[in-house]
Amino acid sequence: MSQVNSLSVVESFAHKRVLITGVTGFLGKAILEKILRETPDVSQICLLVRSSTRLSAHERCMADVFDSSLFDVLRDKHGAGFDAFIASKVTVVSGELTLPLFGLSQEAFTKIAQSLDLVINSAASVNFREAMDQALNINALSLNNIVALTQHKGDCANPTKVLQISTCYVNGFNRGVMREEVVSPASGLIARKDDDTFDIQPVIEQLNTKIERIYQSTDNAEKQQKKLIQLGIQQSQHFGWNDTYTFTKWLGEQLLIQALDKQNVTILRPSIIESAVSSPLPGWVEGVKVADALIYAYAKGRVSIFPGEDNGILDVIPVDLVANSALLCSAQLFQKTTTYRIYQCCSGRLNPIKLKQFIDYVQQASLQQYKQLPKLFAGKPQDTFKTVSPKTFRLYMAALKGSTWLKTIIGRSFGSKNASRLMEKANTTASLAMIFGFYTAPKYRFDSLQLEQLQSRFSIVEQKAFNTKADSYSWKVYLQKIHLAGLHKYALAGKPDLTQKSNLNKEKQAA
């Protein structure tokens, strides 16, 4: 190593055994791929994967993880030996994160625990409107099982370390510059235990009591689900968070810090994770993420106005920078630690982009590239995408729904479908605004100074290989040349061209 106090990802991972949860998810895959590609001497990677009704855990892992286009670079590198390479490095453990001992026998659980050096927990329910019981179990209470895993090792001299993937949005309704530190609830309703921990047990007990009451109030599964979703939103906002996801992720942070006595744990908070900017495949993305939901709805002509603050910072970060951050944090964790650490992987400090600029770049590219992106666009976008203040949006939607309702009645009377499309557009806009409106009207900016300082402790070679800095790319190039193309190529892979679908619909109407 070139610096006296430098760290090394490659050397730190050598001969280590790592357990990764949530590996079938977007970020989990990216972390796994990066470890396999960049740390050749890692001893073993255990993947905790739940079996499905059709597939065993191993079969599901092969189908949902290693068949992903993300692994094409590794697949090309190893050629016919790819499967043998994976078999030599990866062990799939069939288990459920939310069950005691992961649903394994005591013997199997202890065997895994005793061999581990690091747990990377990227499993989460990222549904903003998840049922309260599900979100609480997955994002918070399941961490008790990870704590149990570390306690079963029985090697005090070499304890198992934990890297917890959280989110910058645990900052909830707080305002201002959000630093890499424990978050105080904006409501002030959760009692403080000491300088950096809060008394979460009464809160969890209170939530469980309310959940149990809902279970007892009805046997109808649909009604239960609806009430549990409403409970999640109500309780989250009561305590100081916008949604169930961010509230329960904050509870999870607190649970881990306290249960591990503030040692051997690092919390990594990404902001809104989007497509890879460069590695291993520029534009690689899975599914429709937060910003993509709006882009996709705009591309299909379903949204043209949205609540937001034009000058607010929309904090988006490419997934490869987050995966790199996870490896840097892990390398530091392997060193002897005296306390927990918190890092934020985000763009708001080094390369902030305002919501209006983000939208302008996407609109410019949409008008120029719609013919090259037929899975995303049925034709040339007809509407401009405008943002208005949340208050103006509420007034606008009330007026639009009222007038659209009248147009729908009149239109149907005369056999017109146009008014119905207007109503559908209004409903889509209202639905997306309810889920994502908080993120497009930010009241704070995330700080990442400590992560930047951590990266500086690695060699120049590794700083390049494991880059985490958001000022290393241009937003215009990323959004217009990489991200939209990635949405088309990867997120919408297998989907039909919308132009073909549109033509078929026209033919059917003509017939």
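Modeller: A cavity here is a set of grid points where a 1.4 Å probe fits but cannot get out. This is a predicted model, and a search of the whole structure finds four cavities of 30 Å³ or more.

Biologist: How much space lies in the largest cavity, and which residues lie nearest its centre?

Modeller: About 200 Å³ of space lies in the largest cavity. Its lining has 17 residues, and those nearest the centre are Ala291, Leu294, Phe358, Ile359 and Phe385. Helices H12 and H14 each supply at least two residues of that lining.

Biologist: How do the lining residues of the largest cavity divide into nonpolar, polar and charged?

Modeller: They divide into 14 nonpolar, three polar and no charged.

Biologist: How does the lining of the second largest cavity divide?

Modeller: That lining has seven nonpolar, two polar and four charged residues. The second largest cavity has a volume of about 70 Å³ and is lined by 13 residues, with Ala30, Glu33, Ser279, Pro280 and Asp320 nearest its centre. Helix H2 (26-38) and helix H13 (319-333) are the elements that give two or more residues to this lining. Asp and Glu count as charged, so Glu33 and Asp320 fall in that class.

Biologist: What joins serine 279 and proline 280?

Modeller: A cis peptide bond joins them, with omega at about -5 degrees. Most peptide bonds are trans. Proline 280 is in the loop between strand E8 (272-274) and H12.

Biologist: Which residues of H12 and H14 meet?

Modeller: Ala291, Ile295 and Tyr298 in H12 meet Phe358, Val362, Gln363 and Ser366 in H14. By class, this contact of H12 with H14 has five nonpolar, two polar and no charged residues.

Biologist: Why is the pairing of H14 with H19 called oblique?

Modeller: H14 and helix H19 (residues 475-491) pack at about 45 degrees, with axes 9 Å apart. The roughly parallel class needs an angle under 35 degrees and the roughly perpendicular class starts at 65, so about 45 degrees makes H14 oblique to H19. The crossing of H14 and H19 is right-handed. Among the H14 residues in this contact are Phe358, Val362 and Ser366, and among those in H19 are Trp475, Lys476 and Leu479. The contact has seven nonpolar, four polar and one charged residues. Lys counts as charged, and Lys476 is in the contact.

Biologist: How do you know that H7 and H8 are roughly parallel?

Modeller: Helix H7 (residues 132-141) and helix H8 (residues 143-151) pack at an angle of about 25 degrees, with their axes 6 Å apart. Under 35 degrees counts as roughly parallel, and H7 and H8 are therefore roughly parallel to each other. Asn139, Ala140 and Leu141 in H7 meet Leu143, Asn144 and Asn145 in H8. By class, that contact has three nonpolar, three polar and no charged residues.

Biologist: What is the phi of leucine 101, and where is its place?

Modeller: Phi of leucine 101 is near 60 degrees, a positive value in a residue other than glycine. Most residues other than glycine have a negative phi. Leucine 101 has its place in the loop between strand E3 (90-94) and helix H6 (106-115).

Note on methods: Residues are numbered from 1 along each chain as its sequence is written. This is a predicted model: local features need pLDDT of at least 70, side-chain atom pairs count only at pLDDT 80 or more; totals for chains, interfaces and linings use all residues. Side-chain values use heavy atoms; hydrogens and water are left out. Contact means heavy atoms within 4.5 Å. Helices (H or I, at least four residues) and strands (E, at least two) are DSSP runs, numbered from the N terminus. On a 1 Å grid over the protein atoms alone, a cavity is a set of points where a 1.4 Å probe fits but cannot get out, and a pocket is an open set with protein on both sides within 12 Å along at least five of seven lines; lining residues have an atom within 4 Å of a point. Grid points are joined across faces, edges and corners, and a volume is the space filled by probe spheres set on the points. Axes are lines fitted to C-alpha atoms, for helices over the stretch in contact, and angles run from 0 to 180 degrees between N-to-C directions. Angles under 35 degrees count as roughly parallel, over 145 as roughly antiparallel, 65 to 115 as roughly perpendicular and the rest as oblique. A crossing is left-handed if the near helix is turned anticlockwise from the far one by less than a right angle, and right-handed if clockwise.
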